[in-house]
Amino acid sequence: IYFIIVTEVPIEKKTCPTCSCVCTSLCALLHWQMARRHGNMYTLWLGQTPVIVLNGFQAVKDALISHSEDFVERPITPFLRDIIGIIFANGHTWKQQRRFSLMTLRNLGLGKRTLEEWIQGQAQLLVQTFAREKGRPMDPSVSILSSINNVIAAVLFGHCFSSEDESFQQLFKGSRAMAEFEGTIWPRLYDAFPTLMKHLSPMFMRSLLALTHMQDLRRLVKDEIKSHQNSWVPEKSQDFIDSYLSQMWKDNPASTFKENNMIQVITDLFIAGSDTTTISLLWAILYMMAHPEIQERVQEELDTIIGSSREIRYEDRMILPYTNAVLHEVLRYSSISATGVIRKCTKDTTVQGFPVSKGTLIFPNLFSVLYDPDHWETPQEFNPSHFLDKAGNFLNKEAFLPFSAGHRVCLGEQLAKTSLFIMFSSILRAFTFRLPEGVKEINEKPIGGFILQPEPYKMCAVPR
Ligand code: HEM
């Protein structure tokens with residue numbers, strides 16, 4: 001938490017200085033409330049650095065979609081310097097690594113049978129794990145995280161892990177590490193007092209458990225790369241690492257396909273994909289327990305249209321409009337990446353007619369888009385009708401931006417949607433989710449951090 005001054009935009013006119021505080025994603029709601037006072041765009045001064053917060057669909061759309069190229073960069077801060085990979089990279093490195101990763105994920109089977117089969121396999125394992133509890137209260141988070149991590153591992157490494165495997169524990173803890181670390185005060189302190197922190201950092205860094213887990217994840221990735229290198233046959237690209245190795249062999253002086261980038265890209269994909277998808281599924285189960293009538297309608301649709309004799313496929317969303325609408329509403333209502341990820345303005349430009357200078361940082365408040373009353377009938381309610389027309393057909397909404405938008409839109413959107421749809425439908429077909437006996441209230445308030453997640457909870461997966 002750090003103090004800042006708020007001014008209205010344009011930033012030259014400091015018309016309304018007030019004090020406030022910013023802390024990670026939970027502030028999305030605070031920003032949305034501040035927008036009523038200061039307008040949909042206002043400037044936070046983080047010391048000398050202006051950060052413009054964009055609120056509501058129109059402002060976010062104007063920056064991220066209409067001026068996508070102008071806001072394509074991430075800031076290089078003292079903490080995030082010399083960054084490679086995708087999430088925090090810029091320029092030529094970011095472009096090459098992002099384009100390659102997108103293309104490779106697609107070629108490895110996004111939207112094709114192979115990837116779907118992996119996801120279906122993990123969905124079945126999840127069903128078996130829940131079934132073993134025979135309706136007794138259980139915390140679903142570990143089994144969901146295992147299944148999601150194994151889907152990502154299958155894409156990147158070409159194999160899954162058994163939960164007893166020691167490497168799996170490395171993967172497990174490492175995939176949560178950066179999200180946990182980014183939600184703490186340390187990166188902010190690092191940015192605010194770089195010189196001091198540089199002296200103190202070896203001491204701090206060593207003591208931070210999250211960063212130790214991160215190192216373990218990188219070690220696991222390095223080991224996977226080594227074992228791929230030993231058995232690599234160029235013509236037979238089976239997974240992401242194989243494809244990357246082929247790319248490294250192409251002799252191009254401007255190439256950014258080096259081993260350190262490969263390690264970072266793979267780590268980025270785990271960090272960005274694992275917690276986000278797991279937490280979305282945790283919210284989905286929680287909302288089903290909170291709205292048994294909605295859960296029942298999903299089950300009715302699954303029973304009538306799919307039945308129990310075959311695996312669920314991603315293309316089934318076309319014939320399951322209600323289930324599809326419920327999942328979209330889960331992603332809207334939970335708004336897990338509430339304040340979005342910070343961007344930097346690459347040239348002097350405008351947003352909604354206001355000048356924004358090169359180098360200014362922006363926070364696209366995605367929560368304010370997903371709760372914008374001009375675009376959602378009942379933004380404060382969990383209401384799947386937001387995604388249905390009067391005849392019950394699925395309706396796409398332009399203000400549905402949980403994955404953000406523009407050139408830097410989430411790279412794993414397709415993978416996340418496919419995993420969520422197949423896993424959610426598979427577990428709802430097999431179980432009814434209920435609160436443990438004696439628990440009367442459901443806590444829908446998120447806990448903070450980089451991602452908005454539910455408080456740990458127990459559920460009963462009652463076989464149907
Ligand atoms: C429900 C699940 C997910 C949500 C809600 C989500 C949301 C987001 C958001 C809001 C961003 C920031 C985009 C921006 O800068 O404006 C992002 C970036 C990113 N996401 Fe996701 N994500 C999810 C799952 C995944 C998965 C499964 C993967 C891959 C395995 C992934 C990989 C990435 C990457 C690599 C970036 C950085 C893109 C770039 O900087 O070019 N995400 N995601």
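**Exercise 1. Find which residues form a nonpolar patch with about 300 Å² of accessible area together.**

Solution. The patch on the surface consists of Ile305, Met318 and Ile319. Patch members have over 30% relative accessible area and no salt bridge, and nonpolar side chains are joined within 5 Å. A salt bridge would be a side-chain nitrogen of Lys or Arg within 4 Å of a carboxyl oxygen of Asp or Glu. Areas come from the Shrake-Rupley method with a 1.4 Å probe.

This is a predicted model: local features need pLDDT of at least 70, and side-chain atom pairs count only at pLDDT 80 or more. Residues are numbered from 1 along each chain, and side-chain values use heavy atoms, without hydrogens and water.

**Exercise 2. Describe how α12 packs against α15.**

Solution. Helix α15 spans residues 413-430. Its axis lies 9 Å from that of α12, at an angle of about 95 degrees. The two are therefore roughly perpendicular (65 to 115 degrees). Gln295, Val298, Gln299 and Leu302 of α12 make the contact with Phe424, Ser425, Leu428 and Arg429 of α15. Contact means heavy atoms within 4.5 Å.

**Exercise 3. Is His291 buried or exposed?**

Solution. His291 is in the loop between α11 and α12. Its relative accessibility is 17%, so His291 counts as buried. Beyond neighbours within four places in sequence, His291 contacts Phe382 and Glu444.

Notes: Patch = residues over 30% accessible without salt bridge, like charges linked within 9 Å, V, L, I, M, F, W, Y side chains within 5 Å. Axes fitted to C-alpha atoms, helices over the stretch in contact; angles between N-to-C directions. Helix = DSSP H or I, 4+ residues; strand = E, 2+ residues; numbered from the N terminus. Parallel < 35°, antiparallel > 145°, perpendicular 65-115°, else oblique. Buried < 20%, exposed > 50% of the residue type's maximum accessible area, 1.4 Å probe, protein only.
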